[in-house]
Amino acid sequence: TVDSKMKSKGRASIDVGADGVAIITIINPPVNSLSLDVLYSLKDAVEEAFRRDDVKAIVVTGCHGKFSGGFNISSFVDLQQEKVAQPNPGYISLDILTDTVEVSEKPLVAAIDGHALGGGLEIAMCCHARISTPNAKLGLPELHLGIIPGFGGTQRLPRLVGLAKSLEMMLTAKLVKGEEALDLGLVDAIVSSNQLLDTARKWALDIWEHKRPWNIASLYRTDKMESLGEAKEILKFARAQALRIAPNLHHPLAFVDVVEEGIVSGPRAGLIKEYETFEVLIRSGPCKALVHIFFAQRGTMRVPGVTDLGLVPRHVKRVGIIGGGLMGSGIATAFLLSNYHVILKEVNDKVLEAGIERIKANLQSRVNKGKLSQEKFENALSLLIGTLDYESFRANDMAIEAVTEDLSLKKQIFVDLVKYCPPHCILASNTSTIDLNLIVDEKSKYADRIIGAHFFSPAHVMPLLEIVCTQNTSPQVIVDLLNVGKKIKKTPVVVRNCTGFAVNRMLFPFTQAALLLVEHGADICCIDSAFTNFGMAMGPFRLFDLVGFNVAMASEAQFVSSMPGRIYKSMLIPLMQQDKRLGETTRKGFYLYDERRKAKPDPDIKRYIEKAREISGVSIDPKMAKLSEKDMVEMIFFPLVNEACRLLAEGIVIEASDLDIASVMGIGFPPYRGGIIYWADTVGSKYICSRLDEWATIYGKIFKPCDYLAEKAARGIPLSGTMDPAKSRL
């Protein structure tokens, strides 16, 4: 083993067989991530193999069936905060990989199993051949973290698979499996896991003995590269795509510039520009924000006082869902895609059939997009049972109520569930707003099994699962639902029970502020445009139309009773409801919609705004008509930040970073801004508090800063500052 002092850290080991092949193994469980320790150790191991007379050829692999998951993200933070001594610029990509590994006089073969991602794939591309298993995943996903490949990937991937395909893979962070990698030319052969090392050894020896060709170094391959004229057109198209998809981000364009440098000035010049660009991007705002989101997302699975009790998740196999509407069918689809048995209950044959058809359409859509095979489509449908009564719920492990926001209906459903479901069955509600204690009496004998499982529409697509716990919810039930969330590929955020929970409670003042701005003279289309330019998928009024006015007003009714002192009462939506304008579903809301659901402005909306002003006694404020996009975003987002601060003060969430994940995955807040609290801290609590104070004086209490925000602003400390553990009542 090279450098035994690094045993507690990542390292590379070397083992020379009787056949003269040195097996160099990357060891840094669980995913064999690369750190400076690993890379230095890898260099030492390769150089030792070069020196030894008993070594003819080298195979590079990773321990425990994983090649390498790429550069350790924790190391990014260390580099950003200058906690570690940084190597000289280009030392890894030039000195280690290009001028040591790639120019080796002994053949190197990469044996790839599990995954070769980021820096892991960059190491493999420096080898003279790559052997992969069929299910191994290969790719360069660095752009999702606000950076570019930094170990030569921008130069080698285009030369191995062609410019067009490499740009697609890197710009979209697309991963390819073994067979596709073979078709592209990224790997040279596909073998099973149990044959991988033997095949790689033989391949390396065959190169040494001239039985196989010694390939030109990846960096200097030209056989897959397009002509210069074609390359210029491809790069032009890639820039246009990057601007269209991420207009606020610099790093995708910087990436295209680096690839172009290698084509125009040669690969070594490309490597130099690559590491220079990498050095700048790793310290950029978007990179820091995206790394924050990366760790925050993984942190949501840790719930103090719950996940640290040593509880083992129970096996959930059979899930009953009550209600086959948009939400219920989406939830059912999510479970079916993860091989759960699903029993869908409805009130009559007609609505049951409609629910099953929605599920079929959801699954068929994935087939049409190439995300689901016909075999898996049929398997998913075979797991679905439709029913009109609760008899088939007697064997359920979990039941999810997903009917409309009708409190009396929900209460009756839970009475029925207790009668028919077994004693171990988890009883969950998908309510988006209603306090769980209003649905089920907190003194009931089964209160420990009650939990909120709030999915977001469309439930089989949206990644967030809000897990809502009452004071009585059993830790075992929370652990079970965390595990279920993971299995159905959702990111869970655990929150304490209250009206609106975390996401919708934050959204309510956001939508209230938007209505206030419009009634005071701001333009609907200008507001929505300001938010899409900020990076949101849609603005507040397009969101109103998507959610539907009936759902929006049902939610408002809950908030009016729970926070009566800070409501802006607008009649704008009720007036539109009277005329059967209900949003996208009726093709009329704040916008008009064609058959493809494409929105266009409706001049008639002014009539409703004027009538709402008349009822509210509000007059047009000339300043509102001239608001900048920055002011629009702040006047609508700062009340959301204010409500997020209340959630922190009340201990509704465990960590401030949970609200960052909730805002990114539940509201569509741009991840490259780090989530709502992270972004607010970049803006500054003092500035936010002063603006809210100013607006509260003019427009009323919905802008009044809460005590938590005012205190943080007065002390000049971040909103994400350490929370008092006693305040979290989970």
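A residue is called buried when its relative accessible area is under 20%, exposed when it is over 50%, and partly exposed in between (1.4 Å probe, protein chains only). By that rule Val-280, at 58% relative accessibility, counts as exposed. This is a predicted model, in which local features need pLDDT of at least 70 and side-chain atom pairs count only at pLDDT 80 or more, while totals for chains, interfaces and linings use all residues. Residues are numbered from 1 along each chain as its sequence is written, and side-chain values use heavy atoms, with hydrogens and water left out.

**The chain as a whole**

- The protein chain contains 30 helices and 19 strands, where helices (H or I, at least four residues) and strands (E, at least two) are DSSP runs numbered from the N terminus.
- Its radius of gyration is 28 Å, close to the 27 Å that the globule rule gives for 730 residues, so the chain is as compact as a globular protein of that length; the radius is taken over C-alpha atoms, and the rule is 2.2 Å times the number of residues to the power 0.38.
- Along the principal axes, the C-alpha atoms of the protein chain fill a box of roughly 90 × 60 × 50 Å.
- Of the 730 residues in the protein chain, 57% count as buried.
- Among contacts (heavy atoms within 4.5 Å) between residues at least 6 apart in sequence, 74% join residues at least 24 apart.
- The mean positions of the 86 positive and 84 negative charges lie 3 Å apart, with Lys and Arg counted as positive, Asp and Glu as negative, and His and the chain ends not counted; each charge is placed at NZ of Lys, CZ of Arg, CG of Asp or CD of Glu.

- Helix 1, residues 36–51, has 16 residues and reaches 23 Å from its first C-alpha to its last, close to the 22 Å expected, a span defined as 1.5 Å times one less than the number of residues.
- Several residues of helix 1 are buried, among them Leu-36, Leu-39, Leu-42, Val-46 and Ala-49, and the buried residues of this helix pack against strand 1 (11–16), strand 2 (21–27), strand 3 (57–62), helix 3 (91–101) and helix 4 (119–126).
- In the loop between strand 2 and helix 1 is Pro-30, which is joined to Pro-29 by a cis peptide bond with omega about 5 degrees.
- Asn-32 is found in the loop between strand 2 and helix 1; although it is not a glycine, Asn-32 has a positive phi of about 55 degrees, and at 0% relative accessibility it counts as buried.

**Backbone features elsewhere**

- Most residues other than glycine have a negative phi, and most peptide bonds are trans.
- The peptide bond from Ser-457 to Pro-458 is cis, with omega near -5 degrees, and Pro-458 lies in the loop between strand 15 (450–455) and strand 16 (464–469).
- Arg-587, in the loop between helix 23 (572–578) and strand 18 (591–593), has a positive phi of about 65 degrees although it is not a glycine, and at 42% relative accessibility it counts as partly exposed.

**Two individual residues**

- Ser-132 lies in strand 6 (residues 129–132) and is buried, with a relative accessible area of 0%; leaving aside neighbours within four places in sequence, its contacts include Ile-112, Leu-138, Gly-178 and Val-187.
- Val-280 lies in helix 11 (residues 267–281), and its C-alpha atom is separated by 9.8 Å from that of His-251, 29 residues apart along the chain.
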